[in-house]
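Here are some friendly notes to read alongside the model. Take them in order, with the structure open beside you.

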Amino acid sequence: MTADSSLTAQDALVALMIAVSASDEDIRTAELVRINNMINHLPVFHDYDEERLPAVSRTVFDLLGEEDGLDALFGLIRDALPERMSETAYALACDVAAADGRIEGAEARMLEEIRHEMAVDRLHAAAIERGARARHMTL
């Protein structure tokens, strides 16, 4: 898979999760574990070929390293993902961002960009964000 390749809908969800994790230039173990758990357990990934992960990751990192690469990545994601999956995509992104217990700086800006690019209504986004925060609370 190259940066010019098309993504499947599942690849698009994975690419978005990887992009959120990489957004702060510090990919944490908790985020990678969360991505892996979601791929292994969520119904949307029930038939996903995990051997595609390295190629999808490479595509994300290649694009993020280019000028206007984030725009290109969002273009690939929008082309691959049915519109009805926008809130699912945002929820997955929020869960990855919240996995390490904090969402700030670059991750917060990335979530804002995803919300905008995926046309997720602000009220719905707030509910999704609150759910992610609640799932990742610690004592």
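1. A word on terms to begin: helices (H or I, at least four residues) and strands (E, at least two) are DSSP runs, numbered from the N terminus. Read along the sequence, this chain goes α-α-α-α-α-α-α, that is, seven helices and zero strands.

2. Please keep in mind that this is a predicted model, in which local features need pLDDT of at least 70 and side-chain atom pairs count only at pLDDT 80 or more, while totals for chains, interfaces and linings use all residues. Residues are numbered from 1 along each chain as its sequence is written, and side-chain values use heavy atoms, with hydrogens and water left out.

3. Now the overall form. The radius of gyration (taken over C-alpha atoms) is 14 Å, close to the 14 Å from the globule rule (2.2 Å times the number of residues to the power 0.38) for 139 residues, so the chain is as compact as a globular protein of that length. Its C-alpha atoms fill a box of roughly 45 × 30 × 30 Å along the principal axes.

4. How much of the chain is buried? Of the 139 residues, 46% count as buried, meaning under 20% relative accessible area with a 1.4 Å probe, protein chains only. As for contacts (heavy atoms within 4.5 Å), residues 24 or more positions apart account for 74% of those with a separation of 6 or more.

5. Next, look at helix α1 (residues 9–22) and helix α5 (residues 86–98), which pack at about 35° with axes 9 Å apart. Axes here are lines fitted to C-alpha atoms, for helices over the stretch in contact, and angles run from 0 to 180 degrees between N-to-C directions. On the α1 side the contact is made by Leu-13, Leu-16, Met-17, Val-20 and Ser-21, and on the α5 side by Ala-89, Leu-92, Ala-93, Val-96 and Ala-97. By class there are nine nonpolar, one polar and no charged residues, where Ala, Val, Leu, Ile, Met, Phe, Trp, Tyr, Cys and Pro count as nonpolar, Asp, Glu, Lys and Arg as charged, and the others, Gly among them, as polar.

6. Helix α2 (residues 29–41) also meets α5: their axes come within 8 Å and cross at roughly 145°. Here Glu-31, Arg-34, Ile-35 and Met-38 of α2 touch Leu-92, Asp-95 and Val-96 of α5. This contact has four nonpolar, no polar and three charged residues.

7. Finally, find Arg-115 in helix α6 (residues 105–117). Arg-115 is buried, at a relative accessible area of 16%. Leaving aside neighbours within four places in sequence, Arg-115 contacts Tyr-90, Val-120, Arg-122, Ala-125 and Glu-129.

Key
Buried < 20%, exposed > 50% of the residue type's maximum accessible area, 1.4 Å probe, protein only.
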